[in-house]
Amino acid sequence: MAKIIYQNAAGLSRTVEQDAPVTVMRAAIENGVDGIVGECGGQAMCATCHIYVDDRYLDALQPIGDDEAEMLDCTAADRDEVRSRLGCQILVGEAGGHLDEIVVTVPSTQV
Amino acid sequence: MTTATTAEADIVVIGAGHAGMQLVDSLRSEGFTGTIALMEAQGGVPYQRPPLSKEFMASDPDASDDSAKQGVVLRGPNFFAEKRVDFVPGRAVASVNRQSHLLTLNDGSRFGYGRLVFATGAINRALTVPGAELDGVVGLKTLADAGQLRERLRQAERVVVIGAGFIGLEFAAVARASGCAVTVMEFNDRPMKRALSATTGNYCAAAHRERGITLLLGEAVDSLPGDGAKVNAVRTVSGMTIPADLVVVGVGVAPADELAQAAGLVIDNGISVDGMLATSDPDISAIGDCASYPIAGTGARVRLESVQNATEHARTLARVLTGHGSAYDAVPWFWSVQGGIRLQIAGLFAPGDVEVTLGSPEQGRFSVLLFRDGRLVAVESVNRAADHVAARRVLSSETACQALTAEDAADPDFDFKQFSRSIMVDA
């Protein structure tokens, strides 16, 4: 079971829930969540699925990979050294994983 | 919810690929309130192309038959209703009457347009040797192609890929990883020659060979012998016969410009557009793979086949059509994933460019900086995302490009990321 709550700067919130594991980027695309582009399809190549992870969930995340860390340097919105991640690299609801639920803030722009 | 169909729209977009879908999306986000219709000959929901030769190809075909779960849908199910876009899958344009601003659709009906946009993409070039029509000889372009090929890959043991371009090599890497014997044949003396420097191309050749792919360079297909209706080998011009139960043709694409040509628009390596992406008819635009456009500052025409080119064209045109656009000037960038090779390219390579290599091709982590007339023009990075990010930043600034010489870059202490940060602060 995966539950992802997307918030934006204006305070609006969208919740996506599904049974199968899904990345924060994919769930946004498939459910029409505004503000996440995911142009490369999920390979950490384009940095257009930038999100800020809510502090409460930071410890449950997989450590950031080298490619993701570097690509976060070309996000359109400012990078937050602690909370910025690429949505395509965060898998939610994986069996045996530590992350069944996450709250993220979508930046004002991706391109 | 279905969107109402009309027999006319203020803006009609032909093609629901990356370019067409981004355009209708961006038109709404830029505040366009008129009517929009989107025409697409393929049935089904619009999908993403890049995963087709990569993750999709490597995924389990039994996992799901729902394209949404295969991770390739381009937008959610309510997209067209929310964006008020008249979209009917399979509704295609047969001809364009520019005088009367009327399209004839594939069902024979007429459809009026205020402005027309070609986002028709590209079509695979066909192989024209004897045997090319045999069963087991396939191309890869559409989701349907990819689904069929993924199914065939499960049964295949000996795969021959014709053409060492991006798609061919991406597929070859997946086929090799799934245990097939894989041969890639290429007419040129190195892979991806049109797009990549010799250093990067030769590195990729060696890396694919190391993973067990047989790469035949400077070799062309003579014919495809078969056993009845099914292909069973590839015969080369030099006289070799390579057994094959699956032959994948990846010999490049051609712009899908037939409809535009029939309508009398100027064609020059695709549909010719100006910096504002207008064709020779001011009421018609063209974007993405099908359009050739002038590079800002140089005037040289180029036609690119990439997601970034498609979506940036779309965003630029959406601004133009809502009255606040400026000429297209994005720095092109591309990527490819071929087994363990993560290739990222910014800018456009041309033969004769001066190469400076940072990092270590031996260790599979390096970047090639390309200089032309003393100016940085492109950067190819293999497993060095930091350099790619720096390259996108530097190439978007004329001042920064001018500030870097090949001699500076060749200094063993040169750090491209650091340079990009210092110069951008100064600029």
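Analyst: Buried means under 20% relative accessible area, exposed means over 50%, and partly exposed is in between (1.4 Å probe, protein chains only). This is a predicted model, in which local features need pLDDT of at least 70, side-chain atom pairs count only at pLDDT 80 or more, and totals for chains, interfaces and linings use all residues. Residues are numbered from 1 along each chain as its sequence is written, chains are lettered from A and ligands numbered from 1 in the order in which they are written, and side-chain values use heavy atoms, with hydrogens and water left out.

User: Which residues of helix 9 of chain B are buried?

Analyst: Ala385(B), Ala386(B), Asp387(B), His388(B), Val389(B), Ala390(B), Ala391(B), Arg392(B), Val394(B) and Leu395(B). That makes 10 of the 11 residues in 385–395, so the helix is largely enclosed by the rest of the structure. Helices here are DSSP runs (H or I, at least four residues), as are strands (E, at least two), and both are numbered from the N terminus.

User: How many residues of chain B are in contact with chain A?

Analyst: 35 residues of chain B are in contact with 21 residues of chain A, contact being heavy atoms within 4.5 Å. The area buried between the two chains is about 2200 Å², and carbon and sulfur atoms give 47% of that. Buried area is the accessible area (1.4 Å probe) that two parts lose on being put together, summed over both.

User: Which residues in chain B lose the most area to chain A?

Analyst: Trp335(B), Arg342(B) and Val389(B), which together account for 22% of what that side buries.

User: And how many salt bridges across the interface?

Analyst: The rule finds 5 between chain B and chain A. A salt bridge is a side-chain nitrogen of Lys or Arg within 4 Å of a carboxyl oxygen of Asp or Glu. One of them pairs Lys417(B) with Glu70(A), at 3.1 Å from N to O.

User: Which elements of chain B supply the side that touches chain A?

Analyst: Helix 1 (18–29), helix 8 (307–321), strand 23 (333–338), strand 24 (341–347), helix 9 and helix 12 (416–426) each supply at least two residues. Helix 9 of chain B gives the largest share, 6 residues.

User: Switching to the inside. In the largest nonpolar core, which residues touch the most other members?

Analyst: Phe118(B) and Phe171(B), out of 96 residues in that core. Another core lies apart from it, with 33 residues, including Ala28(A), Ile29(A), Val53(A) and Ile102(A). A nonpolar core is a set of buried Ala, Val, Leu, Ile, Met, Phe, Trp, Tyr and Cys residues joined through side-chain atoms within 4.5 Å.

User: What is Phe118(B) in contact with?

Analyst: Leaving aside neighbours within four places in sequence, the partners of Phe118(B) include Ile14(B), Val96(B), Leu259(B), Ile284(B) and Cys290(B). Cys290(B) is itself buried, at 0% relative accessible area.

User: What about Thr48(A), buried or exposed?

Analyst: Buried, with a relative accessibility of 4%. Thr48(A) is in the loop between helix 1 (24–30) and strand 4 (50–53) of chain A. Beyond its neighbours within four places in sequence, Thr48(A) is in contact with Ile36(A), Val37(A), Gly38(A), Glu39(A), Gln110(A) and Val111(A).

User: Back to charges. How many salt bridges over all chains?

Analyst: The count is 25. Among them, Asp55(A) meets Arg83(A) at 3.8 Å, N to O. That pair links distant parts of the chain, 28 residues apart: Asp55(A) is in the loop between strand 4 and helix 2 (66–71), and Arg83(A) in the loop between helix 2 and strand 5 (84–86) of chain A. Asp55(A) is exposed at 54%, while Arg83(A) is partly exposed at 23%.

User: Where do Arg154(B) and Glu151(B) sit?

Analyst: In helix 4 (residues 143–155) of chain B, 3 residues apart, which means about one helical turn between them. Arg154(B) is partly exposed at 41%, and Glu151(B) is partly exposed at 35%.

User: Which residues do salt bridges with shared partners join into one network?

Analyst: Glu70(A), Asp73(A), Arg79(A), Lys417(B) and Arg421(B).
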